[in-house]
Amino acid sequence: MSELFIPIILLYALSGSVSLCIRKKRIWTVSSWTMGTAGLLLSLLSLYQVCTNAAGEICGAWHFSSFPFVLASDRLTAVFCFLIGTLSLAVSVYTPRYLEGMHGNRRKYFVSGCIPFFLLSMLLVLLARTTIAFLAFWELMALISFFLVLTEYEEEKTRYAAFFYLAMTQISTVFVFAGVILLHSLTGSYEYPSALPGSDPLTALSFLFLFIGLAIKSGVIPFHKWLPHAHPAAPSPVSALMSGMMISTALYVMFRILLRFYVPELSWGFLILAFGCLTAVLGVMYALKEQDLKALLAYSSIDNTGIILIGTGLWVVFSASGYPDIALMALVGAVFHTVSHGIFKGLLFLTAGSVVQAAKTRNIDELGGLLVRMPWTGGLFFIGVLSIISIPPFSGFVGELLILQALIGGLMQMSPLMQIVMLFVISLFSLTGALTVMTFVKAFGLTFLALPRTTGAEKAREVSPAMYIGPALLAGVSAVLGIFSSQILGLLGYPGMMPDILTLSLFLLITAGLVYAAVYSFASRNTRITKTWDCGIHAPTSRMEYTGSGFTQPVVRFFSAIYRTRIVYSKEYMDPDQCLFRNGTASIYLVRFFEENFYLPLARGIERYAEVVSQLQKGGVDRYVLYVFAAVIALIVILGWSA
Amino acid sequence: MMPDVVRICLVLVLVSSAFLLSSRSLSNLVKNYQYQSVLLVLIATGLAVIEDRPLLFLIAALTLASKVFGLPAFIRMIQERMRIQQDIRFSYLHPTGALMVSIGIILLVYVCFARILHTLYAHNSLFFLGSVIGVSMVLMGLLAVCTRKMAITKVIGYLSMENGVLLFGLFVTELPFIIEFVIMVDLIILVLLTTLLTVGIDSSIEEYKVRLQKFHLWTEEEGAQ
Amino acid sequence: MNEFSILYGFLNISLVLLVSPLFMTVIKKVKARVQERSGPQFLQGYYNLAKLFRKETLYSDYSSFISRIAPYASISILLVAALQVPLIWVPSQELVTGNIIVFLYLLVAGRFLLALLGLDSASTFGGMGSSREMSLSAIIEPVTVVVFAALAYVMGSLSIPEIFRNATLQFPAFSPTILLLSISFFILILVETGRIPVDNPETHLELTMVHEGMLLDTSGRNLALFELGHAVKQTLLMAFLLNVLLPVGMVLDVSVSALLIGGFLFLIKGLGLCLVIGLFESSLAKMRFFQIPNLFMIAFFLSILTIFVEVML
């Protein structure tokens, strides 16, 4: 069955090259159809593989000058392939209409051509079974996404974001490379190793390198700084894919190395858990403060990465301490959350893209009142929001339920010191959940509800059907994943791990129906449309509503030790005694902790080193002849003395 | 039944230490110290019943007399004369941060004691709990001394530290009465120090009323009584 | 799911709906008596609901479907949550999963819908109520989860009917952990139902309102549904506290007499707790908004301490 992956790969390549090579008008529709078909086939194939529990069937093996490239598929791969397939299908329906709203013709061909290649590279990473293949496709994925981020290169911010992203992804590749080299030196072959013991220091070092490389790619704090710049700067379908799929690919690799490459140690689990907690809490705190809609969603991706890392860390800790059942629960929760996050983050980014295109602004403080103007887009965004804040019965809830159950199970069973660690993680986990709810009340409430704050938002109109049918597919998958979650887990061989959400949803529907019927029959049905109470002023304006920064101000004040807002002002006076004020500026901004304490010193250090080294290259011809002369003398000396 | 009551009182004693770190009103601080001492009395009585040592009843009575009625009355008298109502100044750590640090302190003390005192732990967990909480109280009192700016609050923090030492003595050592006595001496020195700080080293206790009036710290109508 | 559990579902929901307005009115009456007023009559809660259902409903002209569906969605969520918390009779086979985490997240869902409703009508009061409610819930959530986790740890199960059953079988086992957790739970009830010192449920001034601000623009049957939902949430949390602390009158094997006695005892326990809540509310003043995290930190400290004590046992 796994041989069917080859035609799918070829279909993706075809859809990409069609758009890049042929320049007919609107060729991107053909490209999208091909990509959509490929996505559909991929989802169906991976569903089949997941259900039949196929294990390690090889799709193809090639050798390029002693470097083996092996592609194979097993259950874990199939789960993530399903995610790629669904996302490709949704994006393929969404992209053509979105591209028509962009300006610049060449750019549209480019974007619609590169997206299938991007998806293809991620698919190949998932299918890779040798470290060389993985490395090659990883780098391919990074490069293609760099070009996609650089699509709207006229803006300064996009260029900055793209170059920052390129630098960080190359650093990530360096670390992954180092890890791969260490693995090769340890095992002597390029195949994926199995069960290397974690106590050996070289093995631990290779894990550390791989972990840092993956952490940079998935946005773990403190390596996250590029993500809130790069994901919003890309066009919306690309952001959806980057946030939904690229982060999931990095996390897939994390699962793969922990499950297969190594036998993890307890200390590794604590490391992953610590990073996970830090990422989850800080990610959502920075998301709360954002005014840019897409940057808010990007920070929320960082937060979800943290949650998945918490689940993974718990798995390592529990299995190393000898509690296999809660370990399995945590792992299933982490994997489920990765998949459901990919789907609902894709949904949120696509609908946010429609909003940004319709209202021509990304700033939440300039939007508003869009739910009545764009009902379908708003409704789908609402379903995405319900998923991400983990409300039963949607899919985001299942992952958090499993991880929380594992945490409380750990609390009930483990030694006293571990119980205290569990308690600490439980508090941070619940804090993340509550702050996520607040973030998305702000994101949905201020963007879609109440009155529009600018004319751009007022003039926004519903986008064409293709742009909400794609997200609707994702919303449907998300709902089905959530409602039938315990049935799905039972089908996959993990029965009884979680309560039955299907009966819960049925009861919710039945109760809602009964309540509505009761109120309809017995209460008065009179309804009138009138104005909001405005203390009698009779001039409703959007300036009466809460702004984004005002909405989150209480939390910023509660957590002021973390946010560290700084007030900076400068004043100009007309006279030397500073009595007559001319003008001045004042601004309040968050201290960008990681940038100022981690990234900028590193960057400045590198700059200084580069300056020192560049002295060597500054001279005229004489200096270079001097170098040659010195090199020849040195060679003569070495030759003489070594004989 | 009795060990459970003692356990509940121990936890409430730590909560009162937490209130000490975060309370803003001076009268609440004194009331807090009183509740802490009452809880200490209850713990001493409970221990006397469990351990069957009548000496502890005497200690309980002494604590009742000195720390529940005597000292707070004295401090309250000073407070009523000096028209200060609130202490809202914190240095280094605000209440939220201080409470986080206290949780860390309790954890640290627990881990250290678990290593040092295994024999006690195996013997009776109530005593282990009592000793951990006693030392935690001392450290939290010290935290109060360093994070609150006003001198009166520092004094109450110091008093709370003494309570912690007493608690530790009740559970761990064999000579709690001597500890209580030494604490009483300490407290007398403390009261003298307070007077010193208020009116100067060259005054006598009788003259302090006159001095306070001179410094306009003593309200006239009450001074005339 | 057998016929007993369906019967249990009907009985539990009807009891919750019947008893909630009474508990609300009793608290108001206690507070009024402390202030030396005579206060409302005991059936006033029901009269208010009946009056509201008969009135016309107004919608703002720029509100969206959120204002239309939020009342129904909110009360349905709370009624399904009510199926999870047995008031008197703990059935042998549960109707809907009794998982404590599902209960928690259902309450969060209700709060989320209410916050969106506050933002929907473009009024400043709604925005203010929404912002404050969300900020407070962000701080209280760790306390809530730690208290529930501690409860699950002490009672040895994650399922609410299991917890109640274990409490009934072990009664009276006053472990210090349960008594101390009750204090944290009490603070939780005050926060979740918006009582003093967190919020004042009786005024509509913007300086003191959090919950009422979000409901300011609702009217008629929508307001009636929200008031009923608020009362139901309070009853559920009270039932939680009462059935863990004092599980007298809980019925494990069903019979008509046992149900009647259980119902009567639950009413007495509930009225007692209402008295305590009313007296507690009357003895404090509402705290300044930015001092409320201090209260929550103390509650968090208490819960953590409780678990330390349990662990160091």
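Helices (H or I, at least four residues) and strands (E, at least two) are DSSP runs, numbered from the N terminus. The model is predicted: local features need pLDDT of at least 70, side-chain atom pairs count only at pLDDT 80 or more, and totals for chains, interfaces and linings use all residues. Residues are numbered from 1 along each chain as its sequence is written, while chains are lettered from A and ligands numbered from 1 in the order in which they are written.

**Stay on A:Thr173.** (Buried takes 20 or more other C-beta atoms within 10 Å, exposed 12 or fewer, partly exposed falls in between; C-beta atoms are placed from the backbone.) Now show A:Trp138, A:Glu139, A:Ala142 and A:Gly213. These are the contacts of A:Thr173 once neighbours within four places in sequence are left aside. Contact means C-beta atoms, placed from the backbone, within 7 Å. Next, draw a C-alpha to C-alpha distance to A:Leu126: 16 Å in space, 47 residues apart in sequence.

**Zoom out to chain A.** Here are 25 helices and seven strands. Of the 643 residues, 51% are buried. The C-alpha atoms fill a box of roughly 110 × 80 × 65 Å along the principal axes. Among contacts between residues at least 6 apart in sequence, 77% join residues at least 24 apart.

**Bring in chain C.** The contact takes 66 residues from chain A and 65 residues from chain C. On the chain C side, colour the elements that give two or more residues: helix 2 (44-54), strand 1 (57-60), helix 3 (65-84), helix 4 (100-120), helix 5 (124-155), helix 9 (220-245) and helix 11 (292-311). Which helix gives the largest share? Helix 5 of chain C, with 17 residues.

**Finish at the strands.** (Strands pair if DSSP finds at least two bridges between them.) A:Thr527 has C:Thr57 as its bridge partner, and A:Arg528 stands opposite C:Leu58. Now look at both faces of strand 1 of chain C. C:Thr57 and C:Tyr59 are buried on one side, C:Leu58 and C:Ser60 on the other. In a regular strand, side chains alternate between the two faces of the sheet.

Notes:
Contact = placed C-beta atoms within 7 Å.
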